[in-house]
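Work through the exercises below with the sequence and the 3D structure side by side. Try each task before reading its solution.

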Amino acid sequence: MISVSNLKKNYGNIQALKGISFDIKQGEFFGLLGPNGAGKTTTISIMSTILEPDGGEVNIADFNLKDDPIQCKKIIGVVPQEIALYNELSAYDNLMFWGGLYNIPQSELKVRIDETLQLFGLFDRKNDKVKTYSGGMKRRINIASALLHKPKILFMDEPTVGIDPQSRNLIFEVVEKLHREGMTIVYTTHYMEEAERFCDRIGIIDNGQIIAQGTFEELKSSNMMKETIVVSFVKLTDELYDKVAVSWKDLRRDENAINFYSSNVKNDLAKIIIKCSETGLDILRIDIQKINLETIFLNLTGKQLRD
Amino acid sequence: MKKLALKDLKLFFADKRAMMLTFLVPIALITLFAFAFGGVGHKKGESKPTTLVVADDDNTAASKNLMKQLDSTKEFEVKQKTSAEAENLVKKGDEAAVLILHKGLSDSLNAGNRPPIELKYDAAEEAEVGILKGALIGNLIRIVGGKSMAKSTLAKFDSENPDIDPSTRNKIHAQITNNFSSVETNKQSESFLKATPLVAEEENSPGLIHAVAGTAIMMLLFSVVAVGASLLDEKQEGTLKKLLYSPIHPRNILFGKMLSANIISILQLVIMFIFARLAFGLDIFSHLPSLLLMIIATAFACSSFGVLLASFAKSRQQVQAMSTLIILVMSCIGGSMIPTFIMPVFMQKISVFTVNYWGIQGFYDIFWRMLPLTDTVLLSRILVLLLIGTAMNLVALKMFNKNILKIA
């Protein structure tokens with residue numbers, strides 16, 4: 001559905017994109033992750049036709065972005081990071097305007113607006129001016145305005161930044177519904193739990209390069225990531241720690257606790273408990289720290305995702 | 001307190017826009033007004049002669065001599081035209097007044113009668129004509145008046161004293177001629193020059209037309225700048241970017257803005273002229289087609305100016321700072337604040353570079369000079385406004401692509 005190949009973009013002397021490539025299949029939920037300044041928004045801006053690349057190619061559906069930008073625009077919907085609405089107009093008028101740009105017949109557009117407002121739980125307030133809405137409500141309308149032309153591909157750039165839990169949950173429900181209905185979604189976010197929850201595949205971008213891409217499981221295994229079993233004891237002496245360390249190589253002491261690193265928690269957990277009991281250690285509690293995108297990113301780049 | 005004041009001063013001097021508004025704008029306006037009203041730019045005692053269009057219907061040695069003598073004065077530079085051409089110049093607003101030397105001028109001078117000299121003028125240019133008339137009467141009396149009156153007195157003397165001896169008669173003649181050679185303007189001088197208005201005597205007063213057209217155009221410029229600046233608001237609030245995501249051509253965003261600016265401008269002018277009709281009785285219905293076309297042309301030029309200004313700026317604040325200066329300057333030079341004829345000649349020449357000038361002159365053509373829609377003068381003013389608007393729109397489009405789209 002989307003094919004990005006060797007995409008390059010410079011801002012003066014700064015190389016914002018250093019030749020990135022990735023493919024997104026039809027109906028796929030693709031997450032683009034990276035810290036601020038990594039090149040996420042530049043990539044989305046090029047794919048959504050508002051920024052010209054300095055090199056490389058982008059194909060959307062059957063259209064080349066450079067040769068046929070208008071056709072590409074017709075099949076994409078973009079939810080920008082900022083709330084871009086006319087505050088002095090009502091939600092309904094805003095949607096009429098944004099939907100009207102896609103030449104949807106008036107009667108059809110009205111039906112779609114009512115349906116979309118119902119979907120986002122804002123039908124009852126459709127005639128209120130947007131300026132009277134809360135931040136979360138505005139964000140919902142912001143997303144709704146990108147869906148009226150029923151795009152095949154939806155670009156969502158940090159769509160849940162700074163909103164209340166109620167609006168966030170509603171947006172999640174809508175996003176999941178759209179995904180179920182077969183829409184291809186490209187999603188950028190800082191929130192790892194969102195990416196882990198929704199994304200079929202993830203591309204990790206840093207310093208203008210895709211440093212890893214694949215499913216969550218693929219990212220985990222390709223980086224030989226290990227999960228951590230943290231066992232806290234009532235009292236851990238040096239002597240007892242040495243006894244445990246003899247039989248378990250990949251571990252680290254943290255005062256009265258030991259971090260055991262494991263690539264197979266299911267098998268290793270029982271072994272660790274037995275070994276600790278045999279050594280005479282009184283276990284206080286056990287925590288299992290699973291691998292997440294944050295740890296994968298940390299492992300790949302040596303820095304936090306939100307740096 | 002001292003620290004706070006110092007901080008504020010530092011902030012103030014760091015803000016170039018504030019500095020410009022505080023110092024440069026007033027300096028620029030003072031300079032401009034001084035040139036417009038204060039006579040700055042001329043050395044004392046030095047003035048350029050006024051062009052005086054003269055039609056010589058008499059075409060005699062006397063009339064030619066009169067033109068030559070007028071041309072040799074420091075006040076006038078004579079330009080000869082036919083009567084029809086001269087009158088047309090007044091009717092079309094190119095000249096405030098023209099002097100007609102009617103047939104029989106030579107005979108009248110020889111007979112000592114009042115010479116048939118007529119000043120035909122545009123009553124809309126009352127102030128300018130008044131000054132011209134004053135200077136003209138003084139010179140005419142100096143050139144032909146004394147001679148004419150002397151002849152008349154001599155003829156009367158001769159008819160009453162037919163038997164006087166020739167040597168005494170010659171002495172008395174010489175004395176009378178000498179006395180009349182230094183005749184100055186007197187109470188009868190006003191009647192010496194017949195003055196006839198060519199344009200006007202209509203319902204619409206030129207003052208009213210100037211007030212309505214001048215103010216309407218100036219205020220229109222301010223309001224269209226606000227419409228143009230909304231483009232920058234769109235950029236700031238992210239809606240411009242969102243518009244660019246949609247399948248409309250980027251230049252259509254600017255065209256949409258131009259269209260809305262045009263509609264608002266037309267509405268504003270229409271409302272202002274309706275108000276002028278209701279409040280001051282300006283006769284707008286007798287010239288409806290011309291008026292509508294002129295309103296459209298003026299609105300087009302003004303709205304293009306608003307969009308052009310916005311396309312150059314990077315923020316609404318910048319537009320506001322620039323527009324205040326540019327609109328005031330344009331309105332001052334272009335005749336929105338005061339009629340252009342009051343200004344020095346070089347400023348009158350500059351005024352043609354303003355939208356205000358062409359708009360105001362166009363409305364004068366309609367309401368005062370009563371030019372029909374088919375008249376080339378009125379059409380040429382409309383054409384100039386449309387060309388100004390088109391040129392500004394083209395530049396705005398280029399700047400929009402360069403400034404606005406790339407930053408979006």
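**Exercise 1.** In which sense do strand S7 and strand S8 of chain A pair, and over how many bridges?

*Solution.* Start with the terms. Strands (E, at least two residues) and helices (H or I, at least four) are DSSP runs, numbered from the N terminus. Two strands pair if DSSP finds at least two bridges between them. Now find S7(A) at residues 153–157 and S8(A) at residues 184–188. Their pairing is parallel, over five bridges. Take Phe155(A) as an example: its bridge partner in S8(A) is Val186(A).

Before going on, note that this is a predicted model, where local features need pLDDT of at least 70 and side-chain atom pairs count only at pLDDT 80 or more, while totals for chains, interfaces and linings use all residues. Residues are numbered from 1 along each chain as its sequence is written, and chains are lettered from A and ligands numbered from 1 in the order in which they are written.

**Exercise 2.** How many of the eight residues of helix H1 of chain A are buried?

*Solution.* Use the cut-offs: a residue is buried if 20 or more other C-beta atoms, placed from the backbone, lie within 10 Å of its own, exposed if 12 or fewer, and partly exposed in between. In H1(A), residues 40–47, seven of the eight are buried, so the helix is largely enclosed by the rest of the structure. Among them are Lys40(A), Ile44(A) and Met47(A). Just after H1(A), Thr49(A) takes a positive phi of about 75°.

**Exercise 3.** Asn103(A) has a positive phi and is not a glycine. Is Asn103(A) buried or exposed?

*Solution.* First locate Asn103(A): the loop between helix H3 (91–100) and helix H4 (106–119) of chain A. Its phi is near 55°. Then count: 11 other C-beta atoms lie within 10 Å, so Asn103(A) is exposed.

With 16 C-beta neighbours inside 10 Å, Met370(B) is partly exposed.

**Exercise 4.** How many residues of chain A are in contact with chain B?

*Solution.* Contact means that two C-beta atoms, placed from the backbone, lie within 7 Å. By this rule, 12 residues of chain A contact 11 residues of chain B. Helix H2 (residues 69–75) of chain A gives the most to the chain A side, with three residues.

**Exercise 5.** How many helices and strands does each chain have?

*Solution.* Chain A has 11 helices and 14 strands. Chain B has 16 helices and five strands.
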